[in-house]
Amino acid sequence: MTKKISIIVPCFNEQETIPLFYQAVNALIPQLRDYTLEYIFIDDGSSDNTLLELQNLNKDNPQNVHFVSFSRNFGKEAALYAGLQTATGDLVAVMDVDLQDPPEQLPLMLSGILDEGYEIVGTRRVNRKGEPPIRSFFSILFYKLMSKISDVPMIQGVRDYRLMTRKVVDSILEMSEYNRFSKGIFNWIGFKTKYLEYENRDRVAGNTSWSFWKLFRYSIEGIVNFSEVPLLIASFAGFFTFALSILFMLFIIARKIFYGGSVNGWASLVTIIVGLGGVQLFCLGIVGKYIGNIYLEVKNRPLYIVKEKK
Ligand code: UDP
Ligand code: MG
């Protein structure tokens with residue numbers, strides 16, 4: 001029996017890139033030894049002709065092109081999960097459709113798994129050429145922070161682009177959490193992993209759908225789902241201000257004893273009240289974010305809703 005590689009491709013408003021992607025990856029088939037390819041495209045609630053594009057591809061190649069179309073935009077994380085659930089291959093790859101993930105890495109990944117015995121071969125970008133400097137700055141900051149405060153290692157510039165064995169995919173599928181942060185999940189499961197490196201490149205067509213705000217929220221999710229350090233910070237802030245207030249109280253008592261005195265200190269009182277209020281609200285916010293995530297988790301809603309599947 002021939003073996004199969006499933007390629008999971010999340011698409012959000014990608015009508016221009018899909019045909020280019022399909023062509024580029026198909027050209028690789030001769031280099032994939034005797035593996036056949038299965039495409040699982042996920043239409044993540046696109047508002048352009050992405051779905052039409054996928055329907056046509058499927059009509060022409062009903063054997064090896066499949067798609068799942070969501071009822072609305074559920075985000076790339078949900079799309080990846082749907083793809084992993086649908087994939088039937090012995091090996092499974094995750095790949096962006098905009099060709100920013102170089103397809104020519106795929107044969108190298110395959111060799112990493114078949115010849116070198118890795119379970120996961122991922123990729124990381126060694127530079128961020130062509131990316132807005134402000135975005136690079138915050139990304140780098142995020143990875144630094146994340147690897148300090150989370151329980152799983154975070155490697156600078158790691159992409160979702162990777163090839164995994166069936167064992168790995170099944171482990172990921174067992175993590176059915178609602179708040180998904182793939183970069184964390186991929187690391188959390190472990191397994192022998194190798195990273196190939198490549199230089200950043202621009203997308204072939206279309207535009208990135210990640211606004212600064214979307215990326216910011218994504219990084220907050222990453223932190224909250226893979227670290228308890230913010231909760232520690234909240235407790236520490238509480239402890240610190242409490243200690244400070246004791247010191248201040250001692251100071252006031254001493255002043256009263258040694259200097260006697262009048263009723264003053266109005267300004268310092270107001271400052272303390274406002275300052276403490278700020279600290280309390282900040283800590284409440286942190287705790288609230290965690291509780292919010294618990295709330296979403298216990299509601300146990302599906303991660304996505306399928307409109308059409310072929
Ligand atoms: N994507 C998706 N859902 C979204 C946003 C993006 O499925 O809500 C897909 C998109 O079609 C692409 C991949 O995720 O295949 C990466 O997105 P993009 O190229 O916009 O991100 P960037 O490369 O700029 O990080
Ligand atoms: Mg991209």
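Eight residues of domain 1 are in contact with seven residues of domain 2. On the domain 1 side of this contact, helix α8, residues 212–226, is the main contributor, giving three residues. By class, the residues on that side are four nonpolar, three polar and one charged. The model is a predicted one, and the domain assignment sets domain 1 at 4–227 and domain 2 at 229–299. Taken over C-alpha atoms, the centres of domain 1 and domain 2 are 44 Å apart.

In an unreviewed entry, UniProt lists the feature "domain: Glycosyltransferase 2-like" at residues 6–171. Over residues 6–171 the model has 39% helix and 23% strand, with 16 Å between the end C-alpha atoms. The unreviewed UniProt entry also places the feature "transmembrane region" at residues 231–254 and 266–291. In the model, residues 231–254 are 100% helix and 0% strand, and their end C-alpha atoms lie 35 Å apart. Residues 266–291 are likewise 100% helix and 0% strand, and here the end C-alpha atoms are 37 Å apart.

Next comes the sheet. Its eight strands follow the order β7-β5-β6-β4-β1-β2-β3-β8, and the sheet is open, with mixed pairing. Strands β7 (193–198) and β8 (306–309) are at the edges; each has a single partner strand, so one side of each has no neighbour in the sheet. From one strand to the next the twist averages 20 degrees. In general, strands of a sheet pair through backbone hydrogen bonds, and the pairing is either parallel or antiparallel. Strand β2 (residues 36–43) and strand β3 (residues 65–70) run parallel and are joined by five bridges. Within this pair, Tyr 39 stands opposite Val 65 in β3.

Helix α4 (residues 106–114) packs on the sheet, where it touches β4 (91–94), β5 (120–125), β6 (158–165) and β7. The direction of helix α4 makes about 50 degrees with that of β6.

The last part is the ligand site. Which residues come nearest to ligand 1? Of the 17 residues around the ligand, these are Pro 10, Phe 12, Asp 44, Asp 96 and Thr 208. By class, the shell around ligand 1 is made up of six nonpolar, five polar and six charged residues.

Key:
Residues are numbered from 1 along each chain as its sequence is written. Chains are lettered from A and ligands numbered from 1 in the order in which they are written. This is a predicted model: local features need pLDDT of at least 70, side-chain atom pairs count only at pLDDT 80 or more; totals for chains, interfaces and linings use all residues. A residue is near a molecule or strand if its C-beta atom, placed from the backbone, lies within 6 Å of it. Ala, Val, Leu, Ile, Met, Phe, Trp, Tyr, Cys and Pro count as nonpolar, Asp, Glu, Lys and Arg as charged, and the others, Gly among them, as polar. Two strands pair if DSSP finds at least two bridges between them. Helices (H or I, at least four residues) and strands (E, at least two) are DSSP runs, numbered from the N terminus. Axes are lines fitted to C-alpha atoms, for helices over the stretch in contact, and angles run from 0 to 180 degrees between N-to-C directions. Two residues are in contact if their C-beta atoms, placed from the backbone, lie within 7 Å. UniProt positions are given in the numbering used here, feature names are shortened, and annotations may be inferred rather than shown by experiment. Domain bounds come from an automatic or database domain assignment.
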